[in-house]
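Here is a walk through one structure, taken a piece at a time. Keep the sequence and the model in view as you read.

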Amino acid sequence: MRVLGVDPGLTRCGVGVVDGVAGRPLTMRGVGVVRTPADAELGHRLVAIEQGIEQWLDEYDPEVLAVERVFSQHNVRTVMGTAQASAVAMLCASRRGIPVALHTPSEVKAAVTGSGRADKAQVGAMVTRLLRLDAPPKPADAADALALAICHIWRAPAQHRLQQAVAQNRLQQAVARHAAETAAAKPATAAARTSSASSAQKGRTA
């Protein structure tokens, strides 16, 4: 599986590509940052991010795009910019038919370090170790993008099994509802037939 991880941001949008499957050594194919000037107009910055993501999609042709799920209870202005950059990345992937997966920061930290409260230095250190790199990727946005890709590769099999279980459960519920509706309809149909036959008999007698 080849995953392009995207750590969204307006000024620095981290991107990283990882190949591998759960339970086996992973390989980094590329890592970097798409940058936009802070003093540029918002529309121009979003276009620059789009162009940058498109270049990564062209070069690496990932099977999945893994993006950080954006949420915040504090700095609304910052999270709005992050959400806008995230939407651009999702749009670029979806336009090509590439599946998009969202992972929360705590999910990524837990998958990579074993703790959902790990700091950026710990995440960077584990990414370096897991991908057998000489040094942690800089800036931290790049390391976070690789961590997102690693998280998805490791969580994908479990998520797939869960999705299959949910789909199977929904199918079973639908079958059960259909059976119940069919059973409930039979007495009503029988009663209608009896009533119709009785009316016909009365008509003949009259």
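Helix 1 passes helix 2 in a right-handed crossing. A crossing is right-handed if the near helix is turned clockwise from the far one by less than a right angle, and left-handed if anticlockwise. Helices (H or I, at least four residues) and strands (E, at least two) are DSSP runs, numbered from the N terminus. This is a predicted model, in which local features need pLDDT of at least 70, side-chain atom pairs count only at pLDDT 80 or more, and totals for chains, interfaces and linings use all residues. Residues are numbered from 1 along each chain as its sequence is written, and side-chain values use heavy atoms, with hydrogens and water left out.

Helix 1 covers residues 42–60 and helix 2 covers residues 76–95. They pack at an angle of about 40 degrees, with axes 9 Å apart. Axes are lines fitted to C-alpha atoms, for helices over the stretch in contact, and angles run from 0 to 180 degrees between N-to-C directions. The two helices are therefore oblique to each other. Angles under 35 degrees count as roughly parallel, over 145 as roughly antiparallel, 65 to 115 as roughly perpendicular, and the rest as oblique.

Which residues meet between helix 1 and helix 2? From helix 1 come L42, L46, I49, E50, I53, E54 and L57; from helix 2 come Q84, A85, V88, A89, C92, A93 and R95. The residues of this contact divide into ten nonpolar, one polar and three charged. Contact means heavy atoms within 4.5 Å. Ala, Val, Leu, Ile, Met, Phe, Trp, Tyr, Cys and Pro count as nonpolar, Asp, Glu, Lys and Arg as charged, and the others, Gly among them, as polar.

The largest nonpolar core has 20 residues. Such a core is a set of buried Ala, Val, Leu, Ile, Met, Phe, Trp, Tyr and Cys residues joined through side-chain atoms within 4.5 Å. Buried means under 20% relative accessible area, exposed over 50%, partly exposed in between (1.4 Å probe, protein chains only). L4, V6, V15, I53, W56 and L65 have the most contacts inside this core. Strand 1 (2–7), strand 2 (12–19), helix 1, strand 4 (64–68) and helix 2 each supply at least two of its residues. A second, separate core of 19 residues includes L26, A66, A118 and I153.

V33 lies in strand 3 (residues 27–35). At 23% relative accessibility, V33 counts as partly exposed.
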